[in-house]
Amino acid sequence: MPDGRPDPSTGRQTAWLGHAQPLPPVAGHPQGTWQPGAPAGQPHEPLHGGAPHPTAPAAAWHHPADPGQSPQPWHPVPPAAGHPQGTWQHAAGAPHGPQPPQPVPPFTDAGYYGAPAPGHPQAGGGPHPAARQHPTDTGHGHTLPPTAGHPQGTWQHAAGAPQGPQPWQNAPVAGHHDPHPATPTGAGYPDTPAAGHPQDTRPRAGKTGPGGRRAPRADAPRGGRVRGGGTPQGNRAAGAAANAVRHHGQWKGLVKAVALLAATTAAGMLVLRGNDALDRLATPPPPTGKATAPAAPADAPDPGRVLQIVAHPDDDLYFMNPDLRYSIAAGHPVTSVYLTSGEADGINAAEGKQGSAKPNKPAYAEARQNGIRAAYAKMATGDRSSPWQRTVVPTKGGGHAEVDVLVAKPQINLVWLQLREAGTVYDPAPDSLHGLWDGKVPRLESVLASGTPVKQRFAYTKDQVVQTLAGVLEQYKPTTVRSQDPTPGRFPDTKRYTDHQDHFYGARFVQLATAAYAKDVKDRPHFAVQNYVGYFNGSLPSALDPDEATEKLDILDTYAWLDRQNHCGSDAGCGDLKVSDNPAGNHWTQTVNYARGTSTSWLTSDREHGLWAFKVLDGQVAVWHRAGLIGRWSGPTLLPGTGMDQGMSTVTLKDGRIAVFGTRTSFGAKPADYRREVVHAVQKGPGSEEFGPWQSLGTPETADENWTSDISAPAVSIDGTGRLAAYVRDGAYSLRGRVQHPDGSWGPWESHGGTDLHGSPVTATDGAGRRMVFSTTSKTVVGWVQPKPGAPLGPATATGLPDTTLPLTAEGREGGVRLWFRKPGSGNVRTALMTGDGGLKVNNLTDLGGLQGFGSVTASGHVLAGRTAGGQLGSDLGPGRPWERSPLMFVGAPSSTTTGKNMVSLAVVGLDARLYVTSSADAPDAYLAPWQPVGPRNTAP
């Protein structure tokens with residue numbers, strides 16, 4: 001934290017950090033191309049970092065507050081003497097609509113249910129290195145060549161060019177030869193498995209070196225680990241086959257196996273190919289004698305467009321990585337937007353050496369920019385000195401922004417808004433995003449970095465900040481928006497914020513901007529939002545395995561400019577020396593946590609074996625539905641009501657209707673009216689496409705000022721008497737809940753105790769109909785259980801489970817409630833069966849291995865799935881089976897559900913904000929069917 005401010009989680013005076021990264025339009029994306037250019041023959045000089053800088057005279061940029069001066073964003077502004085800025089504009093006559101993106105690695109066809117795909121070991125065979133043993137058996141665009149003499153200028157569509165993201169037109173640096181052309185940079189990242197070989201079995205490279213660092217890994221996928229702690233049921237497929245032969249004879253066993261193969265294959269075809277089945281029923285057969293062509297493979301997942309908005313340069317590196325690195329490594333368009341300059345006290349020196357350094361805020365802001373450019377260049381190309389194209393654009397708020405485009409990878413953009421930072425974590429600072437939000441100041445001024453091509457100072461009102469961000473969203477048209485946590489909470493003892501005030505007030509500006517963008521811009525794709533925990537990560541168990549933590553730290557080492565070599569050609573410095581003594585921060589490079597969207601119960605099935613999915617897109621709850629086993633998928637349909645937060649949970653009522661729960665944010669007329677509350681909507685009838693209006697259950701928090709509206713997403717369950725209950729973690733880190741009465745009314749928010757609770761609680765019902773609730777702490781897991789169905793929840797009880805990373809998943813099975821979670825510092829999945837007879841007890845804590853990774857794990861039937869190292873979805877289909885890695889990268893958490901008695905369905909929402917589904921027979925030898933996207937590509941609502 002290079003700020004000279006105390007770390008709120010340690011009280012130690014440390015340096016303050018900021019972070020973010022912008023993303024340019026690319027082929028296949030709905031936004032227009034931004035093409036740097038300058039009048040032919042115009043003289044140029046290099047900017048720091050190797051980017052060209054025209055020397056034309058400056059234009060007079062008006063102050064955003066000046067009456068009658070309201071420039072339209074993304075339209076041409078003539079460059080004036082001394083100002084290198086170009087313009088963002090669309091050329092007339094260019095047709096709208098996205099162009100097909102470049103293909104990503106194809107889907108892995110793992111074979112249909114019941115039939116092992118080629119290359120897969122047969123169930124019952126020898127153990128696979130990444131196979132798990134069950135504890136029980138119950139139950140982008142391309143780069144165009146630079147044009148000589150045109151290193152900068154307007155960003156525009158060429159006349160007659162198809163609109164939608166076109167390839168970036170790179171301008172060359174005069175007299176400069178780029179020694180690092182755009183080349184694949186997959187080293188160190190997982191490969192996509194080849195068809196028929198989805199399992200990831202190769203060992204991980206790299207040994208621990210000096211200082212606990214690991215040597216660079218080979219360009220190979222991460223192999224799973226042998227799982228220990230299994231039981232004899234780990235080879236249940238082979239055992240079942242042996243019993244069949246022994247008791248029924250070999251012939252009956254063979255018939256049984258063939259029947260299972262046929263039945264599960266047919267069922268899988270129906271479930272996965274519902275739309276195809278309907279289409280083919282209505283299609284005449286081909287002419288006699290001509291074979292039907294094989295079905296076309298499912299279209300590859302759209303990479304989507306990621307837009308990150310953070311308060312300071314380095315917030316992205318500390319709190320959004322490794323997601324950021326995964327997106328860059330996959331070649332996805334990524335843009336990072338930095339709200340403030342992160343100028344702090346203006347001293348670019350390590351702790352202990354700051355007394356001899358002179359404060360220079362513009363220079364320190366430039367050094368941090370240089371560090372960010374180096375870090376992104378290294379992630380994208382492997383070369384920290386890879387050049388950037390830097391230019392200036394007008395903003396919708398009336399000011400100007402610097403936009404940097406990585407020449408070798410033009411899908412990587414950085415947008416610098418350069419507003420003043422607070423300079424303090426929690427102390428009052430009127431000239432800050434917090435002060436602007438609260439009305440302490442009418443405008444927030446800019447602090448321009450010394451090397452920026454933006455030369456005219458400006459200031460923004462609160463509305464102009466929102467307009468500026470909405471304009472950036474409109475230009476880039478993201479499908480995934482990454483932001484910081486708008487409700488981080490306070491420490492219970494000191495009542496100080498657990499995160500930097502710039503972080504969460506910046507995130508609140510993002511909430512307003514995304515709401516305005518969703519409301520006012522119609523020609524856009526759907527988008528999902530992902531929020532990230534900030535400083536408080538340092539107080540939580542580490543979520544990353546050593547290799548991932550090392551790679552994250554390596555990027556911070558680049559940002560911190562450890563070698564002090566002037567690779568950027570800047571007198572201000574090539575990185576942030578404030579963090580050079582401790583680039584890891586407060587253990588931040590060892591972890592990452594999502595602040596919202598960790599629920600794994602957003603996919604559910606109904607009595608007719610139909611499927612329902614509920615995720616938040618555009619600030620509204622989106623619903624996808626498949627009627628019955630072979631019905632056609634519909635959606636996404638947006639339910640009325642805006643302001644919805646990520647993280648929906650579902651529950652099926654006794655009458656078969658589905659109830660959907662989540663939280664909603666409202667802003668009110670005054671700053672203090674900011675409010676986050678629990679809401680729910682109920683299906684109008686079983687199987688109905690219509691839902692009733694959102695009903696509020698309120699919030700246990702009485703005012704935003706108390707705990708920054710810090711409540712978790714709700715966990716919901718129905719006990720054996722049919723009574724519905726919803727539970728949240730409140731701002732004081734304890735459990736609160738409301739129970740529905742038989743007449744449909746709800747009781748008050750009741751306190752259930754507990755301390756040091758974090759993340760979101762989970763709940764499920766055991767075989768006796770008793771409701772159980774669980775929540776993680778920084779050290780263990782705490783639980784509550786009803787003594788009997790219908791009774792009040794019992795007291796908070798220590799489970800004795802070891803420490804775990806934040807997200808929990810719970811499902812009633814095997815007579816109790818089974819929990820899934822991850823081992824800190826490993827990413828391995830663990831599970832334990834919780835029972836309530838005679839008090840809460842832990843049974844059979846088992847390590848299931850995995851492909852590392854972090855975040856929530858979903859489990860239904862024999863299917864287990866979660867995020868792997870590399871960001872893709874990994875799945876485990878049973879004991880003795882290898883973990884498999886799909887090519888899908890996704891937002892939030894996966895979800896799964898059982899459909900009928902013998903099918904399991906699994907779903908994610910990709911970075912393209914599109915639903916992807918697959919299914920499997922709930923049988924030992926079954927495999928996941930090919931992933932299927934639901935609906936058309938995500939271009940516009």
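Predicted model: local features only at pLDDT ≥ 70, side-chain atom pairs only at ≥ 80, totals over all residues.
Local features need pLDDT of at least 70 and side-chain atom pairs count only at pLDDT 80 or more, while totals for chains, interfaces and linings use all residues. Residues are numbered from 1 along each chain as its sequence is written, and side-chain values use heavy atoms, with hydrogens and water left out.

**View 1. Arg368 and Asp576 form a salt bridge.**
A salt bridge here is a side-chain nitrogen of Lys or Arg within 4 Å of a carboxyl oxygen of Asp or Glu; the structure holds 29 of them. In this one, the closest N and O atoms of Arg368 and Asp576 are 3.4 Å apart. Arg368 sits in helix H5 (residues 361-381) and Asp576 in the loop between helix H9 (546-560) and strand E14 (603-605), so the pair ties together parts that are 208 residues apart in sequence. Helices (H or I, at least four residues) and strands (E, at least two) are DSSP runs, numbered from the N terminus. Both Arg368 and Asp576 are buried, a word used for under 20% relative accessible area, with exposed over 50% and partly exposed in between (1.4 Å probe, protein chains only).

**View 2. Arg508 and Asp704 join two helices by a salt bridge.**
Their closest N and O atoms lie 3.0 Å apart. Arg508 belongs to helix H8 (residues 501-520) and Asp704 to helix H10 (residues 704-707), so the pair links parts that are 196 residues apart in sequence. Arg508 is buried, at a relative accessible area of 0%, and Asp704 also counts as buried, at 9%.

**View 3. Further salt bridges are found at Arg770 and in a network.**
Arg770 and Asp766 meet with 2.9 Å from N to O, and both are buried. Elsewhere to look: salt bridges link Arg373, Arg390, Glu402 and Asp404 in a network.

**View 4. Four strands form an open antiparallel sheet.**
The order is E14-E15-E16-E17. At the edges are E14 and strand E17 (633-638), each pairing on one side only; two strands pair if DSSP finds at least two bridges between them. From one strand to the next the twist averages 20 degrees, with axes taken as lines fitted to C-alpha atoms, for helices over the stretch in contact, and angles running from 0 to 180 degrees between N-to-C directions. Strand E15 (residues 611-617) and strand E16 (residues 620-626) are joined by 7 bridges. Take Lys615 as an example: its bridge partner in E16 is Ala622.

**View 5. Arg822 is buried yet has no salt bridge.**
This residue is part of strand E31 (residues 816-822). Its nearest side chain of opposite charge, Asp545, is 8.4 Å away; Lys and Arg count as positive and Asp and Glu as negative, while His and the chain ends are not counted. A polar atom of the Arg822 side chain does lie 2.8 Å from the backbone oxygen of Arg867.

**View 6. Tyr497 and Phe504 form an edge-to-face aromatic pair.**
Rings of Phe, Tyr and Trp (its six-membered ring) pair if their centres lie within 6.5 Å; planes under 30 degrees apart count as stacked, over 60 as edge-to-face and the rest as tilted. The rings of Tyr497 and Phe504 are 4.8 Å centre to centre, with 75 degrees between the planes. Both residues belong to a cluster that also includes Trp437, Tyr505 and Phe667.

Technical notes
Polar contact = N/O pair within 3.5 Å; in protein donor to acceptor, adjacent residues only side chain to side chain.
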